[in-house]
Amino acid sequence: MSRRRSKSSVQRYHDRVASRYDASYDDAYWQWHDSLTWDHIKPHLPPESHACVLDLGCGTGKWAARLLQAGYAVTCVDISGAMVEQARKKLGALAGAERASFVQADLVDLSELPTDHFRLALALGDPIGCTSAPGRALKEIRKRLVDGGVLIATFDNRLSAVDYYLQQGDPRALEAFLRTGKTRWLTKDKEERFEIHTYTPLQVRKLLESVGFEIVGLIGKTVLPMRHHRALLDTSQRRRHWAKIEKSLCRDQAAIGRASHLQVVARVR
Ligand SMILES: C[S@@+](CC[C@H](N)C(=O)[O-])C[C@H]1O[C@@H](n2cnc3c(N)ncnc32)[C@H](O)[C@@H]1O
């Protein structure tokens, strides 16, 4: 996205919330959720220390910080300049900060990044589905990865959005949503309501395969709707117990249908 053009709705929204983004995700539920996310990433981290990795839709750099601390050279990419600045601040305060770099870009145009270069790309918090063209974004990402490079990305699960349309009581809107998979981020300011592409588990597999990835794994995240039961996550012992149950369910094909998000591990073919 050219910085001279007027801001897109997704950029506007994230620019506005960037400075208070971390505070809004700072509770026991997100701690539980993040530790599940990281547990599913760890087996796919490149074995080479200092390997070049990408954090796409990096937001405030939560995952980039972990990658930097694990020894990698991290490139952070986000469409929101304010998010990139938050990430720069966060990683700048860490040991190894010189291994971090920052690019403000739309995932549908990653031409500022070298091709065939990165061992791993994370795209967490569903940035690919927020682009204008997820297939194009995936092609761009694939080009930046080396042969055998891995993408770990999350997507909104189409099935989990059905309840919202029922609450609206409008069957036509539900039909349209099920047909297109497109919904909108609900925020007060109309100028900030960006489009989100959602997928069923099968659709997300097909999408990735159609641009040259092979699927290594797909989990539902989370199958247990703990965001509605946050009080149950009040001690570390309870969080561990619920996580054990979550992990027993998250790969089950039927159970994945319940999850709000899909987390995919895909390798360049
Ligand atoms: C929900 S946040 C997730 C941030 C971070 N990955 C995390 O998990 O904490 C989604 C991020 O994706 C970025 N994003 C959305 N659409 C994008 C696009 N087309 N290109 C690049 N970044 C995008 C947003 O600006 C935002 O920072």
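This is a predicted model: local features need pLDDT of at least 70, side-chain atom pairs count only at pLDDT 80 or more; totals for chains, interfaces and linings use all residues.
Figure 1. As background, nonpolar side chains tend to be buried together in soluble globular proteins.

**Figure 2. Packing of helix α4 against helix α5.** Helix α4 spans residues 62-69 and helix α5 spans residues 81-92; their axes are 9 Å apart and form an angle of about 30 degrees. Angles under 35 degrees count as roughly parallel, and α4 and α5 are therefore described as roughly parallel to each other. The crossing of α4 past α5 is right-handed. On α4 the contact is made by A64, A65 and L68, and on α5 by A87, K90 and L91. Sorted by class, the residues of this contact comprise 5 nonpolar, no polar and 1 charged.

**Figure 3. Packing of helix α6 against helix α9.** Helix α6 (residues 134-144) meets helix α9 (residues 201-210) at an angle of about 50 degrees, and the two axes lie 9 Å apart. This angle makes α6 oblique to α9. As α6 passes α9, the crossing is right-handed. P134, G135 and L138 of α6 make the contact with L207, L208 and S210 of α9. By class, 4 nonpolar and 2 polar residues take part in the contact of α6 with α9, with no charged residues.

Figure 4. V268 is buried, because 20 other C-beta atoms lie within 10 Å. Leaving aside residues up to four places away in sequence, V268 touches R142, L145, D147, G148, G149, G212 and F213. The C-alpha atoms of V268 and L151 are separated by 8.0 Å, although these residues are 117 residues apart along the chain.

Figure 5. Helix α8 (residues 171-180) is hardly covered, as the count of buried residues among its 10 residues is 0.

**Figure 6. Backbone geometry at H50 and D116.** H50 is not a glycine, yet has a positive phi of about 70 degrees. This residue, H50, is located in the loop between α3 (28-41) and β1 (52-56). H50 counts as exposed because it has 11 C-beta neighbours inside 10 Å. D116, likewise not a glycine, has a positive phi of about 45 degrees. The loop that holds D116 runs between β3 (100-104) and β4 (118-123). With 11 other C-beta atoms within 10 Å, D116 is exposed.

**Figure 7. The cis peptide bond from K221 to T222.** The omega of this bond is near 0 degrees. T222 belongs to the loop between β8 (213-221) and α10 (236-249).

Technical notes:
Residues are numbered from 1 along each chain as its sequence is written. Axes are lines fitted to C-alpha atoms, for helices over the stretch in contact, and angles run from 0 to 180 degrees between N-to-C directions. Helices (H or I, at least four residues) and strands (E, at least two) are DSSP runs, numbered from the N terminus. Angles under 35 degrees count as roughly parallel, over 145 as roughly antiparallel, 65 to 115 as roughly perpendicular and the rest as oblique. A crossing is left-handed if the near helix is turned anticlockwise from the far one by less than a right angle, and right-handed if clockwise. Two residues are in contact if their C-beta atoms, placed from the backbone, lie within 7 Å. Ala, Val, Leu, Ile, Met, Phe, Trp, Tyr, Cys and Pro count as nonpolar, Asp, Glu, Lys and Arg as charged, and the others, Gly among them, as polar. A residue is buried if 20 or more other C-beta atoms lie within 10 Å of its own, exposed if 12 or fewer, and partly exposed in between; C-beta atoms are placed from the backbone.
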